[in-house]
Amino acid sequence: MPVLDEVLSANAAYAESFGDKSELPLPPARGFAILTCMDARLDPAKYAGLSEGDAHVIRNAGGRASDDAIRSLVISYKLLGTKEWFVIHHTNCGMEFFTDGVMRGLLANSLETAALGEAGFEDFGTGPGSAEAKYIDWLTIADQAESVLEDVTRIKAHPLVPNEIPVYGYIYDVATGRLSEVPEATAAGASL
Ligand SMILES: [Zn+2]
């Protein structure tokens, strides 16, 4: 079955038993937000025990505190009342396997999907590619604990983020499903 049909048929079944979720209020009931990676192996609803209506989940490549992630977090507290935030990166993140320079080179070569081999990503596509990639900061990750600390620190220091919001830093292990704290990050994210 093509993906489009699979998704639409899964959605029809979901809507069939939607029940009282139609009554859910807009602000997240449990008052918190998670910033995490888009990696397909991570399911924040499952790893953090969320139901519809519980929390905000903001996802991007790496779970990085980009300007756009901060935009969502600010909306999350300012308009929808969240009071605690998590930054959750993970082991074996794809963002560890390239740098800005590599990504720029791959995209300059072609727009086709690159292959991940022993030596990292390699491009076998047919061009043309585009030089536009050099204007994007790809926010790659060299060290997981370091990236969590960096993002918690950036969020915490942001002028639109009030001091009272604690930001917790964690790493999700894709081999066990377990969350481990990055203590320096949680310390940096403590509410003052
Ligand atoms: Zn990832």
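Two strands pair if DSSP finds at least two bridges between them. Strands (E, at least two residues) and helices (H or I, at least four) are DSSP runs, numbered from the N terminus. The model shown is predicted: local features need pLDDT of at least 70, side-chain atom pairs count only at pLDDT 80 or more, and totals for chains, interfaces and linings use all residues. Residues are numbered from 1 along each chain as its sequence is written.

**View 1. Strand β1 and its two partners.** β1 (residues 32–37) pairs with strand β3 (residues 84–90) in the parallel sense over five bridges. In this pair, I34 has F86 of β3 as its bridge partner. β1 also pairs with strand β2 (residues 55–60), in the parallel sense over six bridges, and there L35 stands opposite I58. Six of the six residues of β1 are buried, so the strand is largely enclosed by the rest of the structure. A residue is buried if 20 or more other C-beta atoms lie within 10 Å of its own, exposed if 12 or fewer, and partly exposed in between; C-beta atoms are placed from the backbone.

View 2. β6 (residues 167–172) is mostly covered, with six of its six residues buried. In a regular strand the side chains alternate between the two faces of the sheet. In β6, V167, G169 and I171 point one way, while Y168, Y170 and Y172 point the other way. β6 and β3 pair in the parallel sense over six bridges; W85 stands opposite V167 and H90 stands opposite Y172. Strand β7 (residues 179–181) runs antiparallel to β6, joined by three bridges, and Y170 has E181 as its bridge partner in β7. Six residues lie between β6 and β7 in their hairpin, and G177 in the turn has a positive phi of about 80°.

View 3. The open sheet has five strands in the order β2-β1-β3-β6-β7, with mixed pairing. β2 and β7 stand at the edges with a single partner strand each, so one side of each is left without a neighbour in the sheet. From one strand to the next, the twist averages 25°. Helix α3 (residues 67–78) lies across β1, β2 and β3, running at about 175° to β2. Helix α5 (residues 144–157) packs on the sheet and touches β3 and β6; its direction makes about 160° with that of β6. Axes are lines fitted to C-alpha atoms, for helices over the stretch in contact, and angles run from 0 to 180 degrees between N-to-C directions. Two residues are in contact if their C-beta atoms, placed from the backbone, lie within 7 Å.
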